[in-house]
Amino acid sequence: MSKSKLSFAEMISQAQVMVTALNANAEKISKRGIDSAFVTEMESIRTEAKKLNDEQEKLKADLKSKTDALNAKMEELTQKYSEAKKVVKLEFPQTQWMEFGISDKR
């Protein structure tokens, strides 16, 4: 199976146009082996592909939202960690830094 250069949405749209035209010209295309069962199956596949594409787009949006939330939370965590690390370095001798997970030399 060759990979289409069309996006999923474009292929789904083109398939819809094809199904509509096949239905409109059923008599002519039946002579070439494309019967109503073929068209019905193609429409069913197109419908399922559209549904899956819509679900995928929602998941992409949800992922972007979660990624933004995670980035914001990681920024907060990084600031708190940095502040704690500075306090530990000021308050404790370097020999105790490992106790706090700090492996810095200075």
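Predicted model: local features only at pLDDT ≥ 70, side-chain atom pairs only at ≥ 80, totals over all residues.
Residues are numbered from 1 along each chain as its sequence is written, and side-chain values use heavy atoms, with hydrogens and water left out.

A search of the whole structure finds eight salt bridges, each being a side-chain nitrogen of Lys or Arg within 4 Å of a carboxyl oxygen of Asp or Glu. In one of them, aspartate 54 pairs with lysine 50, the closest N and O atoms being 3.1 Å apart, and both residues lie in helix α3, four residues apart, about one turn of the helix. Helices here are DSSP runs (H or I, at least four residues), numbered from the N terminus. Aspartate 54, at 40% relative accessibility, is partly exposed, as lysine 50 is at 39%; the term covers what falls between buried (under 20% relative accessible area) and exposed (over 50%), with a 1.4 Å probe and protein chains only.

Aspartate 68 and lysine 64 form another salt bridge, at 3.6 Å between the closest N and O atoms; here lysine 64 counts as exposed, at 53%, whereas aspartate 68 is partly exposed, at 41%. Lys85, Lys89 and Asp104, in turn, are linked in a network of salt bridges.

What, finally, makes the nonpolar surface patch of about 290 Å²? The residues are Leu70, Met74 and Leu77, and methionine 74 is found in helix α3, residues 36–91. Patches are made of residues with over 30% relative accessible area and no salt bridge, like charges being joined within 9 Å and nonpolar side chains (Val, Leu, Ile, Met, Phe, Trp, Tyr) within 5 Å, and the areas come from the Shrake-Rupley method with a 1.4 Å probe, where for residues only the protein chains shown count as cover.

Terms used. Helix = DSSP H or I, 4+ residues; strand = E, 2+ residues; numbered from the N terminus.
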